[in-house]
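Subject: Structure for your review

Dear colleague,

Please find the structure below, together with its sequence. I would be grateful if you would read the notes that follow with the coordinates open.

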Amino acid sequence: MKDKKSTLLVISHSGPLRVFITELLISAGEYKIFSAANETRGVELISREIPNLIVLDIMTPRTEEYQITWLLHSADKQHIPIIILSTGGVQQHFREKPDLK
């Protein structure tokens, strides 16, 4: 009997980064991978697939990716861990966002 695959969701506005991370995760093991190019699609996938892990790229021209963390924090999906990726400059983003405690 084969184990159930863990479901991972990759959210990034950058197509090359999204493809790279997805391929890296596929090569690391047997995962069911979904990807989204924006927060809106990510929320749809989270509602439908309920991933075991979310990989979230926060370096985007818009700051909508933080809305996913707010959604998960206040919803019944608080248990889903999020790995946040950044290519730099993230300190300014966190100073501008509300405390999620």
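Predicted model: local features only at pLDDT ≥ 70, side-chain atom pairs only at ≥ 80, totals over all residues.

Residues are numbered from 1 along each chain as its sequence is written, and side-chain values use heavy atoms, with hydrogens and water left out.

Nonpolar cores

A nonpolar core is taken here as a set of buried Ala, Val, Leu, Ile, Met, Phe, Trp, Tyr and Cys residues joined through side-chain atoms within 4.5 Å. Buried stands for under 20% relative accessible area, exposed for over 50%, and partly exposed for values in between (1.4 Å probe, protein chains only). The largest such core has 12 residues, namely L9, I11, F34, A36, L45, I46, I54, L56, I58, I68, L72 and I80. At least two of its residues come from each of β1 (6-11), β2 (31-36), α2 (39-49), β3 (53-57) and α3 (65-74). These elements are DSSP runs numbered from the N terminus, with helices being H or I of at least four residues and strands E of at least two. A second, separate core has seven residues, including V10, I21, L25 and I33.

Within the largest core, L45 is in contact (heavy atoms within 4.5 Å) with L9, F34, S35, A36 and I50, leaving aside neighbours within four places in sequence.

Helix α1

The helix α1 (15-28) has 14 residues and reaches 20 Å from its first C-alpha to its last, close to the 20 Å expected at 1.5 Å a residue. That expected span is 1.5 Å times one less than the number of residues. R18, I21, T22 and L25 are the buried residues of α1. They line one face of the helix, because they fall within an arc of 100° when seen down its axis; the arc is that of the directions from the helix axis to the C-beta atoms. Their cover includes β1, β2, β3 and β4 (82-85). On the other side of α1, P16, F20, E23 and S27 are exposed.

Salt bridges

A salt bridge is counted when a side-chain nitrogen of Lys or Arg lies within 4 Å of a carboxyl oxygen of Asp or Glu. By this rule there are three.

- K32 and E49 pair at 3.8 Å, N to O. K32 lies in strand β2 and E49 in helix α2, so this bridge ties together parts that are 17 residues apart in sequence.
- E49 also pairs with R48, at 3.2 Å, N to O.
- R41 and E44 pair at 3.2 Å, N to O. Both belong to helix α2, where they are three residues apart and separated by about one helical turn.

R41 is partly exposed at 33% and E44 at 41%.

Residue E30

E30 is placed in the loop between α1 and β2, and counts as exposed at 53% relative accessibility. The C-alpha atoms of E30 and K5 are separated by 6.2 Å, although the two residues are 25 apart along the chain.

With kind regards
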